[in-house]
Amino acid sequence: MANSVARPLGHRLLEFGALTLFAAYSAGFLCKIAVAIEGMPRCLALLAGIIIGYLIADLISGVAHWLGDRFGDESTPLVGPTFIAPFREHHDEPLAMLQHGL
């Protein structure tokens, strides 16, 4: 198993803050949506939007993953150590992504 990579406290706090902010924003947004839905046509439009949004997000994450696997290396400035290294690490050691933060 791969060695656990220690993340700086600032990095972990940034992750926690971002996830907390996202959860709070999402809850507020869902409350606004629930109040605004009137009738079946709007409900179906919302469902279609959710499905299309999921498919677009899946495509974007796939392209980002492909770019991380194909271009640059671990020494690329700014993105190398943070994004490219973990992308490539999980091919050699699939469980390594469970050893560090987001």
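This briefing covers a helix contact, the aromatic pairs and the cysteines. The model is predicted. Helix H2 (residues 39-70) and helix H3 (residues 80-92) cross at roughly 85°. The structure holds two aromatic pairs. The disulfide count is zero.

**Helix contact**
- The axes of H2 and H3 come within 8 Å. Their crossing angle of roughly 85° makes H2 roughly perpendicular to H3.
- On the H2 side, the contact involves Ala64, His65, Gly68, Asp69 and Arg70. On the H3 side, Ile84, Phe87, Arg88, His90 and His91 meet them.
- By class, the residues of this contact are three nonpolar, four polar and three charged.

**Aromatic pairs**
- Tyr25 and Phe29 are stacked, with 6.1 Å centre to centre and 5° between the planes.
- Both residues belong to helix H1 (residues 9-36). They sit four residues apart, about one turn of the helix.
- Tyr25 is exposed at 59% relative accessible area, whereas Phe29 is partly exposed at 44%.
- Trp66 and Phe71 have ring centres 5.5 Å apart. Their planes stand at 85°, so this pair is edge-to-face.
- Trp66 is partly exposed at 44% relative accessibility. Phe71 is also partly exposed, at 46%.

- Cys31 is in no disulfide; its nearest cysteine sulfur, that of Cys43, is 16 Å away. A disulfide needs the two sulfur atoms within 2.5 Å, so the count comes to zero.
- Cys43 is likewise in no disulfide.
- Cys31 is exposed, at 53% relative accessibility. Cys43 is partly exposed, with a relative accessible area of 35%.

How values were computed
Residues numbered from 1 in each chain as written. Predicted model: local features only at pLDDT ≥ 70, side-chain atom pairs only at ≥ 80, totals over all residues. Heavy atoms only, no water. Buried < 20%, exposed > 50% of the residue type's maximum accessible area, 1.4 Å probe, protein only. Axes fitted to C-alpha atoms, helices over the stretch in contact; angles between N-to-C directions. Helix = DSSP H or I, 4+ residues; strand = E, 2+ residues; numbered from the N terminus. Parallel < 35°, antiparallel > 145°, perpendicular 65-115°, else oblique. Contact = heavy atoms within 4.5 Å. Nonpolar A, V, L, I, M, F, W, Y, C, P; charged D, E, K, R; others polar. Phe/Tyr/Trp six-rings, centres within 6.5 Å; stacked < 30°, edge-to-face > 60°.
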